[in-house]
Amino acid sequence: MNTIISGRVRKLVSATLIQPWILPIITAPKVQLSTLPTEPVIAAKKPFKVELIGGKRHSWCACGHSKKQPFCDGAHKTKAQGLIPLRFVPEKDSKAWLCGCKYTANPPYCDGTHKQEFIQSALLPVNTHS
Ligand code: FES
């Protein structure tokens with residue numbers, strides 16, 4: 001009986017016969033290096049009113065995991081390594097509405113995106129702002 005063997009299988013068989021240690025390497029499933037999410041979590045369904053200090057660097061939480069919303073507490077380092085805080089320095093003291101949903105198109109400021117259905121109907125993580 002003749003069997004048709006594809007080129008890939010032929011190479012695999014050849015490699016296995018010559019070097020049996022190579023089989024687990026060739027047949028091993030691809031490994032996902034990270035399971036950490038790169039999308040932010042919704043920290044709040046509304047913006048935070050804050051007083052910004054002119055000339056001072058502020059770090060706005062972009063991942064949504066910070067417990068010091070809307071500012072960064074370093075939680076992205078363990079919970080969302082693909083996301084980093086947005087650092088900004090206001091020119092002068094001012095009041096501002098900083099985004100709490102983390103989906104604004106004008107970070108760090110609220111642009112009204114939080115009014116959309118996908119934000120308003122989302123489940124919030126435990127211990128977050130509503
Ligand atoms: S709170 Fe995110 S856009 Fe308003």
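A search of the whole structure finds 2 aromatic pairs; rings of Phe, Tyr and Trp (its six-membered ring) pair if their centres lie within 6.5 Å, and planes under 30 degrees apart count as stacked, over 60 as edge-to-face and the rest as tilted. The model is predicted: local features need pLDDT of at least 70, side-chain atom pairs count only at pLDDT 80 or more, and totals for chains, interfaces and linings use all residues. Residues are numbered from 1 along each chain as its sequence is written, and side-chain values use heavy atoms, with hydrogens and water left out.

**Aromatic pairs**

- The ring centres of Phe88 and Tyr109 lie 6.2 Å apart with planes at 65 degrees, so this pair is edge-to-face.
- The pair joins distant parts of the chain, 21 residues apart: Phe88 belongs to strand 3 (residues 86-88), and Tyr109 to the loop between strand 4 (94-98) and helix 4 (117-120). Helices (H or I, at least four residues) and strands (E, at least two) are DSSP runs, numbered from the N terminus.
- Phe88 counts as buried because its relative accessibility is 11%, whereas Tyr109, at 30%, counts as partly exposed. Buried means under 20% relative accessible area, exposed over 50%, and partly exposed in between (1.4 Å probe, protein chains only).
- The rings of Tyr103 and Phe118 have centres 5.4 Å apart and planes at 90 degrees, so this pair is edge-to-face.
- Tyr103 is partly exposed at 28% relative accessibility, and Phe118 is partly exposed with a relative accessible area of 40%.

**Cavity**

- The structure holds 1 cavity of 30 Å³ or more; on a 1 Å grid over the protein atoms alone, a cavity is a set of points where a 1.4 Å probe fits but cannot get out, and lining residues have an atom within 4 Å of a point.
- The largest cavity has a volume of about 30 Å³, and its lining includes Pro47, Cys99, Cys101, Cys110, Asp111 and His114.

- Strand 1 pairs with strand 4 in the antiparallel sense over 5 bridges; two strands pair if DSSP finds at least two bridges between them.
- Glu51 has Lys95, in strand 4, as its bridge partner.

Technical notes:
1 Å grid on protein atoms, 1.4 Å probe; cavity = no way out; pocket = protein on both sides within 12 Å on 5 of 7 lines; lining within 4 Å. Points joined across faces, edges and corners; volume = space filled by probe spheres on them.
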